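Let's take a walk through a protein model together.

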Amino acid sequence: MQLGVDCQLRVKAVERCSPDIEIGGDAVGLREIYDPNNYDMVELGIEKYFVSPIKPHSIEARIRGGMIGETVDPFFYLYAGGLPGMRGYSYYSMGCERIGVGTVTYRFPIIKRAAWNLWPLSVNRIYGSFFADVGDAWNGDFQADNLKKDIGAGLRMQMHSFAMYPTALSLDVAYGLDEFSIIEDDIKTSYGDEIRYYFTILFDFYTPIIPPARHHGQSCGCAGCQ
């Protein structure tokens, strides 16, 4: 079951299975046996754009969260790192039954109308940005002292390919301000205090929440206007 509203609230009754192995059975050799793992999961995402006093600069605020209603195997965890969340940390560095991430981005034009023809690409606009993320993934009670933070900068280029296909190129560079370690199977892995890079080339600029509506005739700097 999936329920969607404007701020992208998703409620899911998830049925997933974990494999086990038995010898024999109908097949020759090994055969997988699956045990059901049913649980409820809720995800919420809100994204809002504001016009900056310095036009046509813009400010973007984004909140993303989720929770699983019961104790599950770590294989089914929600994750708060990587491009959809805390860009200063790897995707799998923060995984638990509850996540929460907040992002603030200041975006500004570098070249509002480039009109560069570099066949097969034509470059239309170039935007820059500065951003900060704060969030965490946790089980049990929320601990504000465990919040992680990162800062970074981004570059966006709105283009067309072969004079007809919309093309959106973006590069984000993020630095994790908080260093922490995870021990799993007696292996210690450290995260944070490093620079991470994210490069995408799509038909439109990537957003982890909702593709925003186009603001016809305006250029507020949001993903929908670039």
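Leaving aside its neighbours within four places in sequence, which residues is D133 in contact with? They are G85, M86, R87, G102, T103, K148, K149 and D150, where contact means heavy atoms within 4.5 Å. Before going on, please note that this is a predicted model, in which local features need pLDDT of at least 70 and side-chain atom pairs count only at pLDDT 80 or more, while totals for chains, interfaces and linings use all residues. Residues are numbered from 1 along each chain as its sequence is written, and side-chain values use heavy atoms, with hydrogens and water left out.

You can find D133 in strand β8, residues 121-138. D133 counts as buried because its relative accessibility is 2%; buried means under 20% relative accessible area, exposed means over 50%, and partly exposed lies in between (1.4 Å probe, protein chains only). The D133 side chain makes a polar contact of 3.1 Å with the side chain of R87, and another of 2.7 Å with the side chain of T103. A polar contact is a pair of N or O atoms within 3.5 Å; within protein, one must be able to donate a hydrogen and the other to accept it, and residues adjacent in sequence count only if both atoms are side-chain atoms.

Now step back to the whole chain. The protein chain has zero helices and 13 strands. Here helices (H or I, at least four residues) and strands (E, at least two) are DSSP runs, numbered from the N terminus. Of the 226 residues in the chain, 40% are buried. Among contacts with a separation of 6 or more, 55% are between residues 24 or more positions apart.

How do some of these strands pair? Two strands pair if DSSP finds at least two bridges between them. Strand β2 (residues 30-51) runs antiparallel to strand β3 (residues 58-68), and 11 bridges join them. These two strands form a hairpin with six residues between them, and E47 stands opposite R62 in β3. Strand β3 is also joined by 10 bridges to strand β6 (residues 98-111), again antiparallel, with M67 partnered by R98 in β6.

Finally, look at I201, which is found in strand β13. I201 counts as partly exposed because its relative accessible area is 48%.
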